[in-house]
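Hi there,

Here is the structure I promised to pass on. My notes on it follow below.

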Amino acid sequence: MTLLHTARNRFLFLVLSFIFWFSNFIYIPILSPYLETIGGDYTFIGLVLGSYGLMQFLFRLPFGIFSDLIKLRKPFIIFGMVVSTLSCVTFAWADSLGWILLARSLAGVAAATWVAFTILFSSYFSESDLHRAMGSISLAVVLAQLLGMAISGFIVDLWGWHAPFWIGGIIGFVGIVLSLFIYESNEDFQKEPIQLKELISVMLEPALLKVSFLSILAHGIIFTTMFGFTPAFALKLGLQTDEISMVIFSFMIPHAVATMLSGKIFVPLFGKWRLLKLAFGLTAIFTICTPIIDSKGMLFLFQGLNGFSLGTLFPLFLGMAVESIPLEKRATAMGAYQAIYAIGMFAGPFIAGVLISHLGISAGFYFAGSLGATAVFFMIFWSRLERKATKHNLKWN
């Protein structure tokens, strides 16, 4: 590809990625309050929120393996856009809790195709620019989430509860059309077929499993809080529906800034693992302190601090998950990574929903905060094991 074509392909792909996540997140802030208005209890709300992650857990790895075997990414991207649009339309037409559950499950199936998005986009860059590529696409995701979630409350105030779903469906249709024009090249694939045992060895890579485990905890936090019960908590604190946008801005803007700075500034400054420990520790503190907040200003402040802390994590995870994996096996590695962390997207809000039903909404935030503390504990434990192993090797060498 020429430089002009490369730039055009990258830009088109980032626009498509933006549309994909915009249509998936435009209704997120109003989803749990909407479910309350139509009769859903907190356990059911947790089930609906968690179904999104469950579908990704079930489908991401098969999508990744199949993509590597047939050496194609684009068909999965088109499929993802179609299912994402169908999810929004199903939400808009839904007249029962069962249809709502189906619609959110379809969104999870669509999101499972994100493995193909990330791997195809990374193929537009050289190996030395891998972290920059992941930072760029992560920024597109965060901006889509920010804009979609920010306007959600205003749309509901203007046109009613179903309006965000209809708008998501319309935007999704535009994405279907654009997905037909993205560029795919097979020139970077190896010529010989990939053996199944090689794919299994990729999925069992220790570094990949560690990063995936930590990502389970990070996704459990964010899907329990901002993408889960934080909007409901804000309404109980006394905010109006249109003020939910301010909560979103206070979280997502620092989140986007941290996404941009994570690979360029924070990783060179702190190192990958030290940065992970710092970010997880801070988000644990801010999340656990959320239930004691009694004013709008403090809510905005704590959401900003939490958004920044979590924003440093996700682009770092994306790069670390595949940086040591050969290109022809990266969709499998990314599929394994994304399938494993989807456990957090399901289990986090589901367990929180059960706890909130019995103990009140504060319990959900205490649970989410404990996930951050758990991550710090495991990283400290792993570093001590590594130091012991290093000393042992030195003694015997």
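The crossing of H11 and H13 is right-handed, that is, the near helix is turned clockwise from the far one by less than a right angle. Please keep in mind that this is a predicted model, where local features need pLDDT of at least 70, side-chain atom pairs count only at pLDDT 80 or more, and totals for chains, interfaces and linings use all residues. Residues are numbered from 1 along each chain as its sequence is written, and side-chain values use heavy atoms, with hydrogens and water left out.

Helices are DSSP runs of H or I with at least four residues, numbered from the N terminus.

There is also a nonpolar surface patch made of Met-246, Phe-249, Ile-253, Val-257, Met-260 and Phe-308, with about 480 Å² of accessible area together (Shrake-Rupley, 1.4 Å probe). Helix H11, residues 244-270, gives the most to this patch, with 5 residues. Phe-308 sits in helix H13, residues 296-311.

Finally, have a look at Lys-71, in the loop between helix H3 (42-70) and helix H4 (74-93). Its phi is near 60°, a positive value in a residue other than glycine. Most residues other than glycine have a negative phi.

Best wishes

Terms used: Patches are made of residues with over 30% relative accessible area and no salt bridge: like charges are joined within 9 Å, nonpolar side chains (Val, Leu, Ile, Met, Phe, Trp, Tyr) within 5 Å. A salt bridge is a side-chain nitrogen of Lys or Arg within 4 Å of a carboxyl oxygen of Asp or Glu. Helices (H or I, at least four residues) and strands (E, at least two) are DSSP runs, numbered from the N terminus.
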